Structures are given as structure tokens and as C-alpha cells.
Amino acid sequence: MSTTALTQFSIPLLMGNSLNAWSEALVGFNLLGLPLGLVILAAIPLVFIALYSLTYGVYGERKISAFMQDRLGPMEVGKWGLLQTIADILKLIQKEDILPTSADRFLFVIGPGILFVGSFMAYAVLPFSPAFIGASLNVGLYYAIGIVAIEVVGILAAGWGSNNKWSLYGAVRSVAQIVSYEIPASLALLCGAMMAGTLDMQQINLLQSGSYGFAHFYLFHSPIAWLPFLIYFIASLAEVNRAPFDIPEAESELVAGYFTEYSGMKFAVIFLAEYGSMFMVSSIISVVFLGGWNSPLPNLGSFALNTWTNGPVWGAFWLIMKGFFFIFVQMWLRWTLPRLRVDQLMYLCWKVLTPFAFVSFVLTAIWEIYVP
Amino acid sequence: MQELDTVGQGSVRVTRKSDKLVIVEKDLATEQMVLAMGPQHPSTHGVLKLECLTDGEVITEAVPCLGYLHRCFEKCCENVDYPAIVPYTDRLDYLSAMNSEFAYAMAVEKLLDIEIPRRVEFIRVLVSELNRIASHLVAIGTYGIDLGAFTPFLFCFRDREIILGLLEWASGARMLYNYIWIGGLAYDVPADFLKRVREFVNYFRPKTVELNNLLTSNEIFLKRTHGIGIMPPEVAINYGWSGPMLRGSGVKWDLRRNDPYSIYPELDFKVAVPDGKNSVIGDCLSRHLVRAIEMEESLKIIEQCIDKMPSSEGFNSRSAIPKRIRPKAGEVYSRAENPRGELGFYIESDGKSTKPVRCKARSSCFVNLSAMKDLSKGQLIPDLVAIIGSIDIVLGEVDR
């Protein structure tokens, strides 16, 4: 295929540039004085999370685990079981909403809500593409780190409110774990922020674009950039309670941890929040270290792969694909590794990850100051 | 009610009455928590209930509460004929039904003092060892689940499925076989059975390596099991432990060798004992390793059985089965090495009836579980789960 043919082929994809104008028009759309356009705009990521989390996340998890375990996974509902998750949602909606008699009503109900809000609010600063970001904050990264911590409150409320000993154990474990792992995770992200010199998520992405594709990513920015990358990945596993750090919901120890008493739609909301957080941390790691919506393909002479594969629609494609990749790694780990013990988890956090995070923080700072 | 034991000080006192933990004084400052682990808990391997007294995540005391699966096995035995007890023995340790039948059949044969055909012995050993592998696969797989590794479990069950298929082919049932009868077998093995078993052995050898790569050499798995729940050999012997549990503590004790029965003296196999290089002797990892080695030893035994098996010409699997079983007055205790340890049957006959006067099963799981209180003291909840998993109880045999 000639170069011109390739260019022509990629033109329709570049037309997504008009998305920007489209979203601006939507913001200006008011009905009877109500900012309806803004609401619609905010609903898009929500719909995306709901679709992704419940359909592809759960379905993907089940299929991937099945293939790793010599099984077929869901096969009955729809072709290859594609509609399995929808059937599950329908079942969860139909279920009776059970409130244990001895539960703290208020905390029990509000818990999953806080959890979901905490997980969803971070999406606001996620730059899905050059043309689309919910809220372009100049402290976007800081906000993302902070807002995830709200989940702890939700977990504690759910665990305490359930009035179940297993839930309480799960909640206490989870608070200890998430609060501890916030430190190496934040330090690792700060390394990324130092490399960029900004906390603006969109800006961090922009700084990583260039005609050499992946070579501009912060993972390859300095010789020690892989260290904060690795630290953040491990810490993020702990932050979203994924194996091998899933001790707050360790089913073989704590039955189901903090959501032991939950059923029906409340359970589904907790589930949704979990998968939402998974994609969130995966996206943050791709934004900070792997260029976010930037194409990893380099320009090779007249084959301007990078130029062709960049743009608003391509951007969303790359970010989501990078996110999916990390989710795949998370699932891969979950179905391979046993679970750590509580004290081993804390040891890993305080005696391994945190010192190394400090080391990488200092080394990155030195690199940024002395190496042009 | 007599107060036996009191734990805690000051405003908090928790007392054990008979076998129940009761909080005698309640105060807002309570620090120890009574935690009922089971009978509906994912990792108590059935309907075991552990009443734990916990201080944070640390167990100060754990008392096993049994009886949720009690089926009056011994009383039932007193009311049915000798051959009708065989299906009941299947339900003792339902993961290794062949071994239980084998032990029971041997006990009654000892009481009757009858000779059984050699081919029957070989087939018995063959199916028992197949069942031993199947049982250890469940033990290892569920141990993985207890520690949070789900995938090895399904790998184990995939291979176990083949064994269950083979045994189903021979006996007609997947788990509760009723295959080994007093004095013989229900049927001879099918025509191509030995060939298929050999195929399975060849298939399974590399799979054990795969399983060990996935689970036993996993860093996290080692961290979770190494040095956890250590049982010194003297204490283990005093508790009456047997099977992989006792061998895990470094005692070279295997009834197939130490009190040989059937054709085991003719067979060449090693008694698996941990060497203390990879694990602390007596810890959870040692017990796991013993099971892993035993599977390979069982494969060896199976191969030898196939090689030495007398031909099926003119063979009738029921030829030695007595028409009417009415043993002379007397009593007998016979024991066999089950996957979980020593399964013994004590049978007493009055010489008149076709039913035993007394039939007592000495179950290994029950005895092994009795050390729970010692093992669990001062452990964390995740370690308690690891310890229960390493004991590898089957509640069918614990409660009977």
C-alpha cells in the first residue's frame, strides 16, 4: 500500500478532531436555564465505566481466568457467553435488597455509595483523549491521588455498618492497607510529576508526545524511571485490593471481607467500584508513565506512523488499550499468585516499597536538575 | 456448670464452659473477640466450626466444634450385615473411598481368616493408590485456595477428573465406589483398564512438575507456609498423628512399610519424609511437600502393580467372597494407610449374628484435628487457615 493510500485511510479517524467542537457545543447547551449539556458530558464517562466495568471487566476477568485454568468460562448466555454479565446484572437488580437487622442502617447504605463516588470522581481528571477531559484541573494528579483515598471511608463504613465480625476485619485490614500503600504510590507518581514539572494530567500527556512515539514516554525518560513505574504498579494493586494484596476481601480467610453482608444491587455497586478503580489506576499509570493518549508508534521516515495514529479518537483508543493492558496484567497476577499475609503486606509496603520510592524520588530529582 | 478455664484480665473475662466459649463479663473495653469460624466458612473444608478467641488478628485460643456431619456410622454398622457396611465406609473419607473400603474389607477378612486371590490384591492396591493421588490432588488444590491461589485448584481437579473417570469405569461410581467387597471385588477391571492407567501415569508425571512450578516453588506460597504451624515429632506422636501429618514432622512412619499389609512388601517405594532443606521440619510446607512426593511414589506403585498384575484368565473377582458372613466370636483391629493417615477398624463379633456387635472406626482426620488447639495458639487468622488446610481434614471422617 502506498503512503498516500495510508494517509487517506487514516483521515476518517482524524476527523475526531471535531469532537472538541462538539463537546464545547454541548457545554453551551442549556434547556430552560438548566446546564443539561454539562450533565450529558459528565454522564459519558459514567456510561463508559458502567459499560466497561460490568460488561468487559467482569466478562474479561471470567474469560481470562478461564483460559488460564483450562476452562471455557461463561459459554451459555449469548455467543461465547457475551451476554453473561447482562444476565448477571438483571439477576442482581431483581434481588431483594436485604438490610441486616442489626446493621447500622445509615452506614450500611452509604458505604457502597461513598465507595462508588470515590472511584468514579477520579475519572473527572482522566484525559481520555486530547479533546476530552472531564475537568482540566491544574492539580489533576494531586486530585486523583486524594480522591481515591475516599474509598477508605466507604470501606470502613460498609465494614463497620454491617455489624459482622468478618466485615470488621476486612474493613480494618483494608484501611491499614490502603492508607499505607498511598505513600509509595504517591511518591512514585510524584516522580512522574517531577519529570513533567506539572500536575495537570492533560499537560503531562502533552509533554510526552513527539514523533518518536514511545521514546518520549516518561518510562524511558531517565534510567531510573522504571523504578517508580514498578512501585506504583505494585502499590496500585494494593490500593484497589487486587491479588496478591486482596487481603481485605480474602475469601478463604474473611468469607468476603467488608462486603460479606451485601447482596443485590448494593453488592453490584461495590463490584462496579472495584472494577472502576482497577481501570482508574491502570489509566493513571499509563498517563504518567506511558504517554496516556499518545501513540506508542514512532515516525519512520515517510511512514509517519505516529502522526497517523494520533488524534482525539486514536487518543481514546490508546488510553483505553493501555488501561486494558494493565488490567490484563492485574488479572494475570490474580489468577497466578497466592495471597500475602497481613504482616508481610505491611513489611513490603514500609520496608521495601517506601524506601525505594524515596530513593527513586531523590534520584529523579537529581536527574531532573543536573541532566538537561 | 463448672468453669474450666478463664482467659483475659480486668473487666474482660472470657470463660470456657464445657466446650463453649462464654463471655462472662461484658464491658465496652472488651479487647478479645469471640469469632465463630464456620460451620459455613469457605476454608474450614466442610462443616468444621472453630470457636476462636481473637486479640486483633491473633488467635489466643481456637476450639474445634464437631458434630455437624455426624451420621451415626458406628450405630448404623451394628444394624446391618457385614457386606452392607462397605457403602457406609465409602462415606467416611469420601475423597478416598477406595482406601476406606480396603481397610474395612481387610479387617473383616482378618476376622474371617480367608485367603483372597492375588489379582484381587493387586487391583485393590492399584485402585487405592489411584484414589490416593486423587485425594492428594484435592488436598493440594484446596490448600492453594486457602492461601489465595485459585488456579492450581482447577489444575488439580482437571487431573483428578481423569482418575475419577478411570475408577468410574471400573466400579460404576465416581466417588462412592462400593467396589472392594469382603473377600474380593465387585467386578474385575475392564479389558483395557491397565493400558489406560499407564497412559494416565505417563500423562500425569509432567503435570506434577507443572503443579510444583506453579504452587510449591512460588515465593508467596513459601512465605505463607514456611515455618508456620510447627509440630515437633514427639508432640505429634503423643497426639497420635499419622499419615502425611506425622511424616511432615519428620517421623518415618508409613503403615504400608511399618505394618505391611496386602502386597505392599513386594512393591518398591519410598516413605516420603521432609529432609529439612527446603522447609522447617513439622511446618505446613513440610506436610504439603510430603503430599507432593507421595503422589509421585503412588505413581511408582501403580506402575509396578500394572507390571506384576497376574493375568485375568480364569479369574473371578467374586470367587473368594463368602456366601454368608458370620465370623467366629472374637474381635479384630485392622489398620491401613489412608491418604490422610491411619484408618483403623475395630470389629467385634459374637459368633452368632451376621452383624457386628461393635464396629469402631479410628479416623485419622479426627486425631489429626485434635491438635488444633496447640497449633493455633498465637497464630494469625491467615495462618490458622493455612494450618487447617495443611491438616487436610475431611469432615465425613472427622464426624462419622
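User: What makes 21 residues of chain A count as in contact with residues of chain B?

Analyst: 21 residues of chain A are in contact with 26 residues of chain B. Two residues are in contact if their C-beta atoms, placed from the backbone, lie within 7 Å. This is a predicted model: local features need pLDDT of at least 70, side-chain atom pairs count only at pLDDT 80 or more, and totals for chains, interfaces and linings use all residues. Residues are numbered from 1 along each chain as its sequence is written, while chains are lettered from A and ligands numbered from 1 in the order in which they are written.

User: Which helix gives the largest share of the side of chain A that touches chain B?

Analyst: α11(A), with three residues. Helices here are DSSP runs (H or I, at least four residues), numbered from the N terminus. By class, that side has ten nonpolar, four polar and seven charged residues. Ala, Val, Leu, Ile, Met, Phe, Trp, Tyr, Cys and Pro count as nonpolar; Asp, Glu, Lys and Arg as charged; the others, Gly among them, as polar.

User: Why is α5(A) called roughly antiparallel to α7(A)?

Analyst: Helix α5 (residues 105–121) and helix α7 (residues 150–161) of chain A pack at an angle of about 160°, with their axes 7 Å apart. Axes are lines fitted to C-alpha atoms over the stretch in contact, and angles run from 0 to 180 degrees between N-to-C directions. Angles under 35 degrees count as roughly parallel, over 145 as roughly antiparallel, 65 to 115 as roughly perpendicular and the rest as oblique. That angle therefore makes α5(A) roughly antiparallel to α7(A). The residues of their contact divide into 13 nonpolar, five polar and one charged.

User: Why does B:Phe102 count as buried?

Analyst: A residue is buried if 20 or more other C-beta atoms lie within 10 Å of its own, exposed if 12 or fewer, and partly exposed in between. B:Phe102 has 26 C-beta neighbours inside 10 Å, so B:Phe102 counts as buried. B:Phe102 sits in helix α3 (residues 97–112) of chain B. Beyond four places in sequence, B:Phe102 is in contact with B:Arg124, B:Ser128, B:Ile180 and B:Ala336.

User: What makes a set of residues a nonpolar core, and how many residues has the largest?

Analyst: Such a core is a set of buried Ala, Val, Leu, Ile, Met, Phe, Trp, Tyr and Cys residues joined through C-beta atoms within 7 Å. The largest has 195 residues. B:Leu130 is among those with the most contacts inside it. Not counting residues up to four places away in sequence, B:Leu130 touches B:Ile163, B:Leu166, B:Leu167 and B:Ile302.

Technical notes:
Helices (H or I, at least four residues) and strands (E, at least two) are DSSP runs, numbered from the N terminus.
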